[in-house]
Amino acid sequence: MTTAELRIKTRLVVIDEEVRKTVLEVLERTPYYAGPETAAFEAELAAYCGVRRGVAADSGTCCLLPALLARGIGRGDEVILPSNTFVSVPECVLFAGATPIFTDVESDGNLSRAIVERHLSPRTRAVIPVHMFGHPVDMDPIIDLARERGLYVIEDAAHALGARYKGRRAGSLGHVGFFSFAGKSITVCGQAGMAVTNDAALADAMAGLRVHGWDQEVGNVWHVAERVGLNLRTSELHSAIGRVHLRRLDGWTETRASHAARYTARLSAGGAPVVLPTTRPDQEPGWLHYVIRAPRRDALRAFLRDEGIETGVHYPVPLHLQPAFQAFAPDPSAFPVTDAMAAEMLTLPSHPWMSDHDVDVVADAVLSFYRR
């Protein structure tokens, strides 16, 4: 079966008239970057997260790198991060000149204070908790540890826009948090990201780093570099689409949560021998991904594809097993939970344009596979 024959996909974006109209309006004016749409998007997302500042960039990756550089993280420093995450996290640490310290995770795929404590050293400067699949990390114990040890906390909330931890938005809990809009909780129909923080000085430093080290940024005016920087700006088109989709985020999150509850009820009732996602009382997940742990995962995935159902794996090869990073994980046996999850995780379709019937079709196909 080819991709074109897939009936239920893991991702779908519906471009409606409001988005088309917004794009045309932006195309008919200038500037095309560093303009009013981006400034408004930054203000609106910061307000949504309950913080003072937003700093947009052209990807989540391009938010993380300035977040490290702005705090002076570099040569001789260690940054603790989970091995079960996207490749951009250690990439940014290495480009900043620091050393990534890979850790195992708890059974939910997230870091914990206990795990972080096991990897502390005199060189530890920062920790990057990742809210996997949109399920917030138990952040308060990590924040307490950071205060005790003087650590910098960068939340990777790429999966978790709209999620809450103890009533607070994911991304607003550490010194800085960042999001990705490349087909995640909201999409900009391209690549973009944003960091959010209450630290004005940090936001200013990051904003300068994303535009050639300039002290300020107004339209296309050229400025004198205060420090060495990069060109990491997003476009006005992407920001404008992001503003439209941000207004829809809460409704989309409710739909994803409804899909998750339906999957859980149907798979539980059917007796599927899979491990279903669970939540803690202090969590309101964003449910970007509905991830099960499935015996014979690869066979199940092939079966679902033959049924016209697309699935995903987040992530198939842990960082400590990837050639680029093996030098930073000298003991490959130190990641038993991560390795077990990588062998069994399967991401089922769960986007806002799925119907209840679609969810039932997927769940029934999973049950059918295990009944054969």
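Biologist: Which residues form one aromatic cluster?

Modeller: Tyr 263, Trp 287 and Tyr 290 form it. Rings of Phe, Tyr and Trp (its six-membered ring) pair if their centres lie within 6.5 Å; planes under 30 degrees apart count as stacked, over 60 as edge-to-face and the rest as tilted. This rule gives eight aromatic pairs. The model is predicted: local features need pLDDT of at least 70, side-chain atom pairs count only at pLDDT 80 or more, and totals for chains, interfaces and linings use all residues. Residues are numbered from 1 along each chain as its sequence is written, and side-chain values use heavy atoms, with hydrogens and water left out.

Biologist: What makes the charged end of Arg 169 sit over the ring of Tyr 48?

Modeller: A charge sits over a ring if NZ of Lys or CZ of Arg is within 6 Å of the ring centre and within 35 degrees of the ring normal. The charged end of Arg 169 is 4.1 Å from the centre of the Tyr 48 ring.

Biologist: Why is α1 called roughly antiparallel to α8?

Modeller: The axes of helix α1 (residues 17-27) and helix α8 (residues 236-246) come within 9 Å and cross at roughly 150°. Angles under 35 degrees count as roughly parallel, over 145 as roughly antiparallel, 65 to 115 as roughly perpendicular and the rest as oblique, so α1 is roughly antiparallel to α8.

Biologist: Why is α3 called oblique to α7?

Modeller: Helix α3 (residues 61-70) and helix α7 (residues 200-209) have axes that cross at roughly 120°, which makes α3 oblique to α7.

Conventions. Axes fitted to C-alpha atoms, helices over the stretch in contact; angles between N-to-C directions. Helix = DSSP H or I, 4+ residues; strand = E, 2+ residues; numbered from the N terminus.
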